Amino acid sequence: MLHQSVAKSFQDRFNHSPLLVRAPGRVNLIGEHTDYNGGFVMPAAIDKEIYFAVGLNGTTTARLYSYDLDQSYETELTEVTRDKTMWANYLKGVVAQFQKRGLTVPGFDCVFGGNVPIGAGLSSSAAVECGLAFALDNLMGTNLDRMELAHMAQKAEHEFAGVKSGLMDQFASLFGRPGQVMLLDCRSLAYEYLPFDTAACGIVLCNTGVKHSLASSEYNLRRQECEQGVTVLQQYYPEVASLRDATLQQLNAHREELGDVVYRRCLYVVQENFRVEAARQHLNEGDLAAFGREMYASHAGLRDDYEVSCRELDVLVQIAKAQPGVYGSRMMGGGFGGCTINLVAVEHIESFVQKATEEYKRYLGLELETYQTTITGGVDIMSF
């Protein structure tokens, strides 16, 4: 078991007993590019996770070891700064957040490793940040609540990794519950849990294996286009603080002034928020087929109006649509590569994976990597 190997590596390397913490990656079932527009998202924690073995060492130094990369790193805790070792930046970013709250972080040893695929859009970085934040909170006895830890992990990502992410990834890693997905209001941070029947339906992620260079520049451009839309609407409707407040009637009334591109960006976001609210209802009623239809509509909006899909993602959704037992499929994440998320009836998962792999190869000549995953609880302490 991986968590036992991480714990043993810690004991062999540092010769004392650690606290063992598990931090999950996440999926987002629906609600894409809505987070930075003050809208709704529907994430869940999954059984792809990162394990942390952490213990205080009685010095003023942090001794870090990446089990997966087989790399060591040391830093004096009085002078925590970013540098070229990217994986260590995530951890140092978390330390800096404790220090910013006036808390002295004592010297500690840390070994971490996991099975969250890197670059597949499952938020391995948030799992790293949340796992260490949770471990240090326990070891230091600071008793910070989970929402506070989520904000600290998010700030670590902003300041030490240079990625201006929303709160969804860190929230999902810390707040997950087995067999339940979460509806998070990205503006008020109110959230609720919704039932998800893991016995009837599995989640299969299909990794395109590509990451187009457009991803980050286009992401920032989409944010700007949404802000442009809000600026236009605010002249007429001062109450529109973000696209979360906009209505289809308002968009249509000012379609010409918004211009074709900004209109379609705004249209997608407004409609996606409606889809998330409809999806909540479908889950409460246990109607996975209706939920799946919202996912397909979400993908079509991301492809046609928001224009963040790519051929590989579209082909995977097309393949999924033709398979028996598939409730819904869509691209997940920023776009231009990464994974599709597919809700598949448990008895059809094996044939779905086989068929998707064959068809992807046939259509595009590309190998398909798939991950079968289930919904789990959030960050917690493990015994070993």
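1. Buried here means under 20% relative accessible area, exposed over 50%, and partly exposed in between, with a 1.4 Å probe and protein chains only. C310 falls in the buried class, with a relative accessible area of 10%. C206 is buried as well, at 2% relative accessibility.

2. The model is predicted: local features need pLDDT of at least 70 and side-chain atom pairs count only at pLDDT 80 or more, while totals for chains, interfaces and linings use all residues. Residues are numbered from 1 along each chain as its sequence is written, and side-chain values use heavy atoms, with hydrogens and water left out.

3. With a disulfide taken as a pair of cysteine sulfur atoms within 2.5 Å, the count is 0. C206 has its closest cysteine sulfur in C339, and the 7.8 Å between the sulfurs is too far for a bond. For C310, which is in no disulfide, the nearest cysteine sulfur is that of C339, 11 Å away.

4. A pocket is an open set of points on a 1 Å grid over the protein atoms alone, with protein on both sides within 12 Å along at least five of seven lines; lining residues have an atom within 4 Å of a point. The largest pocket has a volume of about 1,400 Å³, a volume being the space filled by probe spheres set on the points. It is lined by 48 residues, and G121, S125, E157, V163 and D169 are the closest to its centre.

5. The second largest pocket holds about 190 Å³. Of its 13 lining residues, D35, Q154, G166, L167 and C186 are the closest to the centre.

Terms used:
1 Å grid on protein atoms, 1.4 Å probe; cavity = no way out; pocket = protein on both sides within 12 Å on 5 of 7 lines; lining within 4 Å.
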